[in-house]
Amino acid sequence: MSEKGIIPACVGFGFDHSSGDYKVVMLSYLEGGIMFSVYTLKTGSWRMIQWPYPYKFDRMQKGVLLNGALHWLLMDRVGVEHRSSVIISFNLAEENVREIRLPLASIDTRDYIVGAFRDCLCLIHSGADGGMHNEFWIMKEYGVRESWTKIRSPIPYSALRHWFLEEKS
């Protein structure tokens, strides 16, 4: 599934409850932005979301599934001198894209990753060493920028996340 000039980089996988189908979504870098390719298990085929979006990414990422959408942390507006970061969500049912603004305009995508914690979107500081640190942001009300809250814990995010999942079962 590769065409000349398209470089696959980010992939996500989730269940679309409205259609009862599993979908794989791949972001591909095109000159000037990204394009979405959607694979549905029922049809066994790929479809391209034809219009390019003006974002770029600087590393491979897995999409985080939350609220029926896959989420990635990307740089906003390719070609603009002042680059900021944004979380984009790809709704699996409607197959549309939404921007979710970060808690601070100065967050550098190279230092953070997107995650999910207790049914909330979160932004985790991964740092230059690649380790998960004990300081992260949680969006308490999905899609509402003002609801981002900074959390500090004596336990790193990765351990908290696994602890929560194990406790839930």
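Val 86 sits in strand 9; strands (E, at least two residues) and helices (H or I, at least four) are DSSP runs numbered from the N terminus.

Before moving on, a word on the model. It is predicted, so local features need pLDDT of at least 70 and side-chain atom pairs count only at pLDDT 80 or more, while totals for chains, interfaces and linings use all residues. Residues are numbered from 1 along each chain as its sequence is written, and side-chain values use heavy atoms, leaving out hydrogens and water.

**Around Val 86.** Show its contacts (heavy atoms within 4.5 Å). Leaving aside neighbours within four places in sequence, Val 86 meets Tyr 55, Trp 72, Leu 73, Leu 74, Asp 76, Glu 99, Ile 100 and Leu 102.

**Into the core.** Next, select Val 25, Leu 27, Ile 34, Phe 36, Trp 72 and Ile 88: these have the most contacts inside the largest nonpolar core, which has 18 residues. Such a core is a set of buried Ala, Val, Leu, Ile, Met, Phe, Trp, Tyr and Cys residues joined through side-chain atoms within 4.5 Å.

**Out to a loop.** Go to Leu 41, in the loop between strand 3 and strand 4. Leu 41 is exposed, at 52% relative accessible area.

Most residues other than glycine have a negative phi. Asn 67, however, has a positive phi of about 55°, and lies in the loop between strand 7 and strand 8. Arg 118 also has a positive phi, of about 50°; look for Arg 118 between strand 11 (112-117) and strand 12 (120-125).

**Last stop: confidence.** Colour the chain by pLDDT, the predictor's confidence in each residue from 0 to 100. The chain averages 80, and 75% of the residues score at least 70. Strand 7 (residues 64-66) is highest at 95, while helix 1 (residues 157-168) is lowest at a mean of 50. Over residues 162-169 the score stays under 50. Where pLDDT is low, the predicted coordinates should not be read in detail.

Notes: Buried < 20%, exposed > 50% of the residue type's maximum accessible area, 1.4 Å probe, protein only.
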